[in-house]
Amino acid sequence: MNKMKTSSKIYTALIFIFLFAPIAILIVFSFNEAKSLSVFSGFSFKWYQELISDSETLNSLRNTLVLALSASIISTIMGTFAAVGINKIRSKWYRAAMDTVTNIPMMNPDIITGISLMFMFVFVGRLFGASTSLSFWTLLISHVTFCLPYVILQVLPKLQQMDKSLPEAAMDLGCTPMRAFLKVELPEIMPGIVTGMIMAFTMSLDDFVISYFTTGNGFQTLPIAIYNMTKKTVTPKMYALATIIFFVILTLLLLTNLTDNEDSRNLRKVRKSRRAEKTVRANASDKPKGRRVLYITCSALVVGVIALIIGINSNNTLVLNVYNWGEYISDGSEGSFDTIKEFEEWYEDTYNRKVRVNYSTFASNEDMYAKLSSGAVSYDVVIPSDYMIARMKNEDMLLPINYDNIPNYQYISDDFKGLYYDENNEYTVPYTYGIIGIIYDANVVDEADVTGWELMWNEKYANNILQFNNSRDAFGTAMYKLGIDVNTTDKAQWELALNELMEQRPLVKSYVMDEIYNMMEAGEAAISAYYAGDYFTMLDAQADNVDLQFFYPDRTNYFVDAMCIPSCCQNKELAEIFINYMLSEEAAIANAEYIYYSSPNSLVYENETYIEDMGEEALEILYPEMESFSELYNEYAYRTLSDDMLDYLNTLWENIKVS
């Protein structure tokens, strides 16, 4: 018996360790002095201070709290009355049907719910001729939809546990049905209502998948903001925020349990008939406390909605919707230049009119394309990569730019004009560019082995090599190594690249994208191909025993990200003014320094302060000496492949991942 008890305790301890070890690590590293997410270098409140000064993150947090509070209040009111109605159903089959319908939003996969709601909103929006189908209100409706069942399932048991004679006795004493509900039933089921509201609040606060498909521009929740940070890496200030949220949720759960325990103790008391009648009489003559609670709740909801309408819609304020990569603009964190805020202030000073920039982020070109092509949202400025620009241009998803409104375009180097994705310079303004190279740990890799792409196939470093976790870049490394055209339509050439990657497969420790940051910074791997700008992000957080270095192979990928105006744009002139501001010296330098990517803007790369701040070593990597960028770009950049070739490439990629 003692052995069984000991085994049970050990098993329970292991379960708790498995569940809470990740949270414990998160809490510990939120107090890490360094930026590393894997090596603890000292206790500090630095990241909590950074969090307080990060306006974008705090704005996302505010949006999340407003949404969660609104959704929980509405779903609590609707769910309470729905539970009362379901409780009064006498038909066995009808009751079973209602129970099934109630459970569907909880049992249905979130991704199915999110996609179906998005399609419904798009259909209804187009039916009524709306310019955009998704907004804060569609997001609120979605959250109310999946929160309702949790409220109903918390309130319904309280109604079933309640003595049904209580409301009947109240009505016998002269109460109307509504008065009997407010004065007798409502106080009895209040613990369930409170629990349901807390459950709805926490579910709404945590949701990502459904929000991702149903949110519009200008309203980004915290889970979506964190997801979009994977363009680079999730910074420790997110650990700090997650720690705060964890303890808030823990407090709410403790309150829920205390409420349930108090209710259970009350239920154990035996109600005598005379005592019950006295209670009913007392409740019937008391001031309507239940009604006051309901009125206060409804009033709070109305005030909240009015405040949202005033805050979100202003007739005197212009609105600009910008869609950019996550972590791809100077946002004011760590004392940096806040580009969006500065633009809003500059515009008001220059044009004597307020403008509000709804700044949203995406994690990949494909995510951005899916949102725009669905017609669900409307943006004024987007910043995709070259191959996606070519696709959007071919599908008439871009508007020609009036360069008269962008005088700073003159500072863009001629090397970045007339490229394949915009040969006639009609649709784009280059924002940044980059080159893929190889990052390696000099403490592990012999300098004599650093020759080219062959390093990633060197058996000496087996299980110490990272490869791209996307088909185009992974095949690119093999094709550059073999000297094959990365845009070839010859399937035999792709088969050669496949064989090369299959030979590399036993040497690869992991296929990664944003995971590369933690693994290279902590020394968990020694070799990986990645984008030059991100190498400097890794340098800032590398462990003491790691010495990260970077080099370019002879043949490699060149890419450009450019600012465009999509065909769904609502204010084209304002969009062009914003693009021009992004090319201004102050904004362009701040953005280049913050994201570490190369700039095609001469106001940046010729600026003495920028040159001094970046340092000689960084500039040699970001701006390598080249005969002509345009020639190298046209030779080595990825082009848009046909649908048949993309399907074929995906099939080859699946063979590698399966093996």
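Here is a walk through this structure, from the whole chain down to a few helix pairs and salt bridges.

What you're looking at is a predicted model, in which local features need pLDDT of at least 70 and side-chain atom pairs count only at pLDDT 80 or more, while totals for chains, interfaces and linings use all residues. Residues are numbered from 1 along each chain as its sequence is written, and side-chain values use heavy atoms, with hydrogens and water left out.

Let's start with the big picture. The chain has 27 helices and nine strands; these are DSSP runs numbered from the N terminus, with helices being H or I runs of at least four residues and strands being E runs of at least two. Of the 659 residues in the chain, 51% are buried. Here, buried means under 20% relative accessible area, exposed means over 50%, and partly exposed is in between, using a 1.4 Å probe and protein chains only. Now take the contacts in the chain (heavy atoms within 4.5 Å) between residues at least 6 apart in sequence: 75% of them join residues at least 24 apart.

Next, the helix pairs. Find helix α3 (residues 55-87) and helix α6 (residues 136-161): their axes come within 6 Å and cross at roughly 45 degrees. That angle makes α3 oblique to α6. The axes are lines fitted to C-alpha atoms, for helices over the stretch in contact, and the angles run from 0 to 180 degrees between N-to-C directions. Under 35 degrees counts as roughly parallel, over 145 as roughly antiparallel, 65 to 115 as roughly perpendicular, and the rest as oblique. The contact of α3 with α6 has 19 nonpolar, eight polar and no charged residues. In this sorting, Ala, Val, Leu, Ile, Met, Phe, Trp, Tyr, Cys and Pro are nonpolar, Asp, Glu, Lys and Arg are charged, and the others, Gly among them, are polar.

Now move along to helix α17 (residues 471-482) and helix α27 (residues 643-658), whose axes come within 10 Å and cross at roughly 80 degrees. So α17 is roughly perpendicular to α27. On the α17 side, the contact is made by S471, R472, A474 and F475, and on the α27 side by L649, N650, L652, W653 and I656. By class, the residues of this α17 and α27 contact divide into six nonpolar, two polar and one charged.

On to the charged pairs. Side chains of opposite charge can pair when their charged atoms come close. A search of the whole structure finds six salt bridges, each being a side-chain nitrogen of Lys or Arg within 4 Å of a carboxyl oxygen of Asp or Glu.

One of them joins K572 and E576, with the closest N and O atoms 2.6 Å apart. Both residues lie in helix α21 (residues 572-582), four residues apart, about one turn of the helix. K572 is partly exposed, at 28% relative accessible area, whereas E576 is buried, at 1%.

Salt bridges that share partners also join D446, D449 and K460 into one network. K460 meets D446 at 3.1 Å, N to O, and both sit in the loop between β4 (428-441) and β5 (465-468), 14 residues apart. K460 also bridges to D449, with the closest N and O atoms 2.9 Å apart. D449 lies in the loop between β4 and β5 as well, so this pair ties together parts that are eleven residues apart in sequence. K460 counts as exposed at 51% relative accessibility, D446 as partly exposed at 39%, and D449 as buried at 17%.
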